[in-house]
Amino acid sequence: MFNTVTVEAKGDGDLLQSVRIKNVKTGEESDLPANGLFYAIGHVPATELVKGQVETDSDGYIITIPGTASTSVKGLFAAGDVQDKRYRQAITSAGSGCMAALEAERLLAEEEELEESK
């Protein structure tokens with residue numbers, strides 16, 4: 001359904017039975033029978049915090065080195081919806097978050113070794 005947003009989820013207290021939808025062009029609302037709902041939060045990456053501090057593409061997604069969570073700033077790793085403009089799903093965000101954590105751990109270990117060798 002194009003130009004439509006979910007306004008309300010309706011059920012019997014245990015199960016979803018329908019969703020109230022609204023056409024954003026006409027303002028018309030109606031009930032749509034449904035027993036399942038996958039709700040996408042949005043398609044605008046929440047990168048305002050790092051705007052101008054890290055390389056992003058024209059849509060605002062943080063650019064990472066392919067196959068990594070590394071960005072144009074050493075020690076800044078990007079994961080999930082801020083760098084994944086293709087899938088934008090929780091499960092891929094969890095996986096890329098793990099990648100970023102492991103890369104951060106490696107960087108800290110390398111920095112610690114450099115300090116100890118001085």
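Trainee: Why is glutamate 111 called partly exposed?

Mentor: Its relative accessible area is 31%. Buried means under 20% relative accessible area, exposed over 50%, and partly exposed in between, with a 1.4 Å probe and protein chains only. The 31% of glutamate 111 falls in between, so the residue is partly exposed. This is a predicted model, in which local features need pLDDT of at least 70, side-chain atom pairs count only at pLDDT 80 or more, and totals for chains, interfaces and linings use all residues. Side-chain values use heavy atoms, leaving out hydrogens and water, and residues are numbered from 1 along each chain as its sequence is written.

Trainee: What makes glutamate 111 and lysine 74 a salt bridge?

Mentor: A salt bridge needs a side-chain nitrogen of Lys or Arg within 4 Å of a carboxyl oxygen of Asp or Glu. The closest N and O atoms of glutamate 111 and lysine 74 are 2.8 Å apart, so the pair qualifies. Glutamate 111 lies in helix H1 (residues 90–116) and lysine 74 in the loop between E3 and H1, so the bridge ties together parts 37 residues apart in sequence. Helices (H or I, at least four residues) and strands (E, at least two) are DSSP runs, numbered from the N terminus. Lysine 74, at 64% relative accessibility, counts as exposed.

Trainee: How many salt bridges does the structure hold?

Mentor: Seven. One of them joins lysine 118 to glutamate 115, with the closest N and O atoms 3.4 Å apart. Lysine 118 is exposed at 77%, and glutamate 115 is exposed at 53%.

Trainee: What links aspartate 31 and lysine 10, and which parts of the chain do they belong to?

Mentor: They form a salt bridge whose closest N and O atoms are 3.2 Å apart. Aspartate 31 is in strand E3 and lysine 10 in strand E1, distant parts of the chain 21 residues apart. Aspartate 31 has a relative accessible area of 41% and lysine 10 one of 27%, which makes aspartate 31 partly exposed and lysine 10 partly exposed too. Lys10, Arg20, Glu29 and Asp31 are linked in a network of salt bridges.

Trainee: How do you know that E1 and E2 pair?

Mentor: Two strands pair if DSSP finds at least two bridges between them. E1 and E2 (residues 16–23) have seven bridges in the antiparallel sense, so they pair. Glycine 11 stands opposite leucine 16 in E2. E2 and E3 are joined by five bridges and also run antiparallel; isoleucine 21 has serine 30 in E3 as its bridge partner.

Trainee: What is the order of the strands in the open sheet?

Mentor: The three strands are ordered E1-E2-E3. E1 (4–11) and E3 (29–33) stand at the edges, each with a single partner strand, so one side of each has no neighbour in the sheet. The twist averages 30° from one strand to the next; axes are lines fitted to C-alpha atoms, for helices over the stretch in contact, and angles run from 0 to 180 degrees between N-to-C directions.

Trainee: Which glycine takes a positive phi in the hairpin of E1 and E2?

Mentor: Glycine 13, with phi near 100°, in a hairpin that has four residues between the strands. The E2 and E3 hairpin has five residues between its strands, and glycine 27 in the turn has a positive phi of about 80°. Most residues other than glycine have a negative phi. Asparagine 3 has a positive phi of about 60° although it is not a glycine; this residue is in the segment before E1.

Trainee: Why is serine 18 called buried?

Mentor: Its relative accessible area is 13%, under the 20% limit, so serine 18 is buried. Contact means heavy atoms within 4.5 Å. Leaving aside neighbours within four places in sequence, serine 18 in this sense contacts Glu8, Ala9, Lys10, Leu32, Pro33 and Ala34.

Trainee: Which residues make up the largest nonpolar core?

Mentor: Val50, Val54, Ile62, Ala78 and Val82, five residues in all. A nonpolar core is a set of buried Ala, Val, Leu, Ile, Met, Phe, Trp, Tyr and Cys residues joined through side-chain atoms within 4.5 Å. Not counting residues up to four places away in sequence, valine 82 touches Pro45, Ala46, Thr47, Tyr61 and Ile62.

Trainee: What pLDDT does the protein chain average?

Mentor: The average is 88, and 94% of the residues score at least 70. pLDDT is the predictor's confidence in each residue, from 0 to 100. Among the elements, H1 has the lowest mean (86) and E3 the highest (96).
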